[in-house]
Each structure stands twice: as structure tokens, then as C-alpha cells.
Amino acid sequence: MNYNVTEKGYYGTFGGAYIPEMLYPNVENLRQNYLKVMAEPDFKAEFDQLLKDYVGRPSPLYFAKRLSEKYNTKVYLKREDLNHTGAHKVNNTIGQILMAKKLGKKRIIAETGAGQHGVATATVCALMGMDCVVYMGEIDIARQAPNVARMKMLGAEVRPALSGSKTLKDATNEAIRDWINNPVDTHYIIGSAIGPHPYPDMVTRFQSVISEEIKWQLKEKEGRENPDYVVACIGGGSNAAGTYYHFLHEEEVGIIAVEAAGKGINSGESAATSALGKEGVIHGCKTLLMQTNDGQITEPYSISAGLDYPGVGPLHAHLYKTGRGEFYSATDDEAMQSGLELTKLEGIIPAIESSHALAIFKHKTFKPDDVVVLSLSGRGDKDLDNYIKYFNL
Ligand SMILES: *Cc1c(COP(=O)(O)O)cnc(C)c1O
């Protein structure tokens with residue numbers, strides 16, 4: 001079985017590029033060039049150097065002793081929470097802004113829901129002195145004031161999307177419209193392993209530094225490169241794709257995905273895409289997404305803004321359908337309790353997204369000598385208000 005993208009942009013039956021005709025030249029230009037650019041020695045050198053000196057990589061692989069004792073197994077945390085800007089997202093935005101420069105682009109656009117990808121994009125635009133426009137739903141702008149302020153400080157223009165439900169999907173439509181109107185000078189930075197081919201593959205490759213590091217770090221600590229399991233939470237699926245990438249074809253490594261079940265899979269308020277989703281097209285790719293019988297996309301819900309997405313990247317749809325990945329979902333309550341538990345046991349406050357991955361220990365029992373590597377995708381600072389409200393702190 002092949003888990004890498006095909007020449008045409010497919011993972012099994014998922015993926016592809018379902019885009020309006022007018023966007024074709026932009027996407028085709030990227031498709032023809034991205035692998036060539038990524039293979040150029042000076043591109044690689046600059047990417048690696050920025051990951052090291054600016055992001056702070058390699059991120060530690062930390063043996064969580066007390067968490068391991070509690071669940072009677074060996075748990076390692078991949079500390080993406082220690083990256084500059086507090087999560088894995090910056091690995092991708094660094095890669096894409098270097099790609100944009102190589103392709104001669106002068107201006108960056110992005111869409112954002114909760115604002116995390118907007119901040120990661122505005123950060124690298126400041127770093128490179130590039131113009132940056134971030135589209136964001138009017139309602140999200142009101143809900144996510146601190147991230148809007150960060151983007152403005154970083155010099156980005158935050159443009160409100162005023163149509164439809166005034167959230168992420170409408171911001172995406174506005175960004176696509178902008179790209180159609182500015183095909184020559186503008187690059188569109190997508191923030192997860194989603195979108196038309198080549199985005200899911202390009203984002204996965206930029207994030208694959210996560211599993212590349214896990215391999216040598218685990219070799220140092222355990223004497224072997226392959227863990228028994230890798231675990232990650234999935235919104236669109238970029239931290240998961242990066243965590244799995246170098247293990248996809250290593251059959252002894254179990255791949256575990258945790259989605260957001262919100263108030264319960266069958267509550268009507270969740271984002272458990274693999275359990276509830278059917279094949280459909282979202283953001284330019286064919287994948288699993290939550291939809292009504294007549295194909296209307298269902299509004300997702302999760303306490304975690306980063307997992308609140310109605311689809312999942314095409315790689316993950318393929319891992320689900322082929323059975324290569326084990327898919328679980330964690331409710332808001334399970335995630336919040338798991339986040340607090342990590343805080344108490346290890347002195348690490350995780351992002352609520354990452355807390356969903358940690359909830360795997362409530363769903364699956366591992367063997368005492370299993371080595372489980374879990375992607376701690378981000379830190380909890382941004383979620384403090386949520387933790388305060390939930391636990392009455
Ligand atoms: C955005 C985000 C996620 C979800 O995005 P993926 O593309 O699925 O990785 C997970 N964790 C954190 C901390 C995030 O900011």
C-alpha cells in the first residue's frame with residue numbers, strides 16, 4: 001500500500017485539485033515547482049537554519065516519567081509547544097514563505113479561523129519583510145481579539161469576511177478570490193494539510209521535520225528509531241501528517257489519530273470527521289467531511305478552536321479508509337481533564353488541541369514496554385481563558 005501522494009495528487013481515492021478554472025494557473029505553477037525548489041541546496045539550507053535559529057529546533061523529545069507511570073507504558077512527548085509562536089504551525093509558514101520568495105512572489109495572503117495560522121503567517125511575513133493580508137470571518141475577529149492584535153502588531157492587514165456565517169469558510173472564499181485577482185505577485189499560505197494538490201503534500205513535507213527528528217532522538221534514547229505508536233490530534237491534520245510521515249511505511253509503527261468529539265459524537269456538536277464524514281469536496285480537495293444528506297457542509301464544533309474544522313486532510317482520509325491509522329475521538333470533557341492531568345503530572349500546560357491527543361490514554365491501553373510518541377502540538381497559553389472558565393480557576 002502507498003501512503004504518499006501520487007503524481008496526480010491523490011492519496012488512494014482522496015485529494016486532487018478541485019478548483020475554479022481561474023485558479024488553475026496559480027496552483028499549476030506551484031505544482032510544477034514545489035518539489036524542485038524544496039530539493040535546491042540553498043533552499044534546504046535556509047529552511048534548516050531558520051528552523052534551528054529562529055524556531056528553536058530540534059524540539060525536545062521528552063520522556064514523560066510520571067505520565068508513563070500513571071498509564072503503565074512509555075510515553076515520549078514531542079515538544080512542538082516549545083517552538084517560537086507556541087506550536088507546530090510555524091514549521092509550515094517558514095517553508096511556504098521561502099517557497100514564495102523562490103517563486104518571485106511579493107505578497108502573502110492567508111485565511112484564519114481562530115487566528116493561530118494568521119499569527120504564524122504574519123510572523124514570517126515580518127521576518128521576511130513581505131506584505132501580508134489575512135482574511136478572517138467578522139465573527140472570528142470579534143471572538144479572537146488577542147490574535148487579531150498580534151497580527152496587527154506584526155504588520156499584517158486583517159480583512160474581515162462579511163459574507164455567509166462570517167467564519168473560516170467565508171474567509172477562505174475571500175482568500176481564493178484575492179488569489180484569482182492577484183495571480184502573479186501573490187502566494188497563498190494554507191495552514192494545514194488540506195487544499196488542492198500540491199498543498200497537502202507540500203505542508204506535510206514541511207512538517208515532516210517532526211518525525212525526522214523523532215527518529216534520531218528515539219534512537220539516542222531507546223536504541224531504536226521506530227516507536228510502537230505515534231499519536232497526534234487532527235484538525236486539518238498538519239501536525240499529525242508531520243508526526244506520521246517517516247513512519248507511514250514502517251508497518252511495525254502504529255498510527256493513532258485523535259479527533260474532537262465536542263459534546264459527543266452523536267450530539268450534533270462535534271468535529272469527529274472520520275466517524276461522521278462522507279466523501280465530498282472541501283477547500284479544493286476530495287476528502288471526508290461532515291455534511292448533510294444533500295451535501296451541505298455541517299457546522300463543526302469543538303471547545304478547541306484548532307480542531308473545529310468539518311473536514312480532514314486527504315492523507316488522513318486515506319489512512320482511515322485503508323485501516324493504516326487507528327482513529328479515535330475525545331470529547332471536550334475528556335480533553336480538558338487530560339490537559340489538566342498533564343499539567344499536574346509534568347508541569348506542562350498543553351494547548352487544548354494537544355489535550356485531545358493526550359486523551360488517547362482514556363481510550364486505549366498500551367503495553368508496559370510499548371514506546372508511545374505523542375505530538376504535543378502546542379502550548380496552552382492561548383487557551384488560558386478556556387481553562388479558567390472550565391475549571392473555575
Ligand atoms: C492549529 C492547531 C492544531 C490543528 O491543526 P492541524 O493542522 O490538524 O495540526 C493542533 N494543535 C495546535 C496547537 C494548533 O494550533
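This is a predicted model: local features need pLDDT of at least 70, side-chain atom pairs count only at pLDDT 80 or more; totals for chains, interfaces and linings use all residues.
Thr-85 belongs to the loop between strand E4 (74-79) and H4. Its phi is near 75°, a positive value in a residue other than glycine. A second residue of this kind is His-283, with phi near 50°. The loop that holds His-283 lies between strand E11 (278-282) and strand E12 (285-289). His-283 counts as partly exposed because its relative accessibility is 22%.

One runs from Arg-57 to Pro-58, with omega near 0°, and Pro-58 is placed in the loop between H2 and strand E3 (61-63). The other joins His-197 and Pro-198, where omega is about 15°. Pro-198 is located in the loop between E8 and helix H9 (199-207).

Just after H4, Gly-104 adopts a positive phi of about 80°.

The packing of H4 against another helix can be described in detail. Two packed helices are described by the angle between their axes and the distance between the axes. For helix H2 (residues 41-55) and H4, the axes come within 10 Å and cross at roughly 145°. This crossing of H2 and H4 is right-handed. On the H2 side, the contact is made by Asp-42, Phe-43, Glu-46, Phe-47, Leu-50, Leu-51, Tyr-54 and Val-55. On the H4 side, Val-90, Asn-91, Ile-94, Gly-95, Leu-98, Met-99, Lys-101 and Lys-102 take part. Classified by residue type, the contact of H2 with H4 contains 10 nonpolar, two polar and four charged residues.

An open sheet is formed by four strands in the order E7-E6-E5-E8, with parallel pairing. Strand E7 (157-161) and strand E8 (186-188) stand at the edges with a single partner strand each, so that one side of each has no neighbour in the sheet. On average, neighbouring strands of this sheet are turned by 25° against each other, direction ignored. Strand E6 (residues 131-137) runs parallel to E7 and is joined to it by five bridges. Within this pair, Val-134 has Val-158 of E7 as its bridge partner. E6 also pairs with E5 in the parallel sense, over six bridges, and here Glu-111 stands opposite Tyr-135 in E6.

Strand E5 is mostly covered, with six of its six residues buried. In a regular strand the side chains alternate between the two faces of the sheet. Both faces of E5 are covered: one carries Arg-107, Ile-109 and Glu-111, the other Ile-108, Ala-110 and Thr-112, and all of these residues are buried. Helix H5 (residues 116-128) lies across strand E5 (107-112) and E6, and runs at about 165° to E5.

Parallel pairing is also found between strand E10 (residues 254-262) and E13, over seven bridges. In this pair, Ala-257 stands opposite Phe-327 in E13. Five of the seven residues of strand E13 (residues 325-331) are buried, so E13 is largely enclosed by the rest of the structure.

Ser-338 lies in helix H14 (residues 332-346). Ser-338 counts as buried because its relative accessibility of 2% is under the 20% limit. Leaving aside neighbours within four places in sequence, the contacts of Ser-338 are Ser-355, Leu-358, Ala-359 and Lys-362. Ser-338 and Lys-362 are separated by 24 residues in sequence and by 8.5 Å in space, C-alpha to C-alpha.

Definitions and conventions:
Residues are numbered from 1 along each chain as its sequence is written. Side-chain values use heavy atoms; hydrogens and water are left out. Two strands pair if DSSP finds at least two bridges between them. Helices (H or I, at least four residues) and strands (E, at least two) are DSSP runs, numbered from the N terminus. Axes are lines fitted to C-alpha atoms, for helices over the stretch in contact, and angles run from 0 to 180 degrees between N-to-C directions. Contact means heavy atoms within 4.5 Å. A crossing is left-handed if the near helix is turned anticlockwise from the far one by less than a right angle, and right-handed if clockwise. Ala, Val, Leu, Ile, Met, Phe, Trp, Tyr, Cys and Pro count as nonpolar, Asp, Glu, Lys and Arg as charged, and the others, Gly among them, as polar. Buried means under 20% relative accessible area, exposed over 50%, partly exposed in between (1.4 Å probe, protein chains only).
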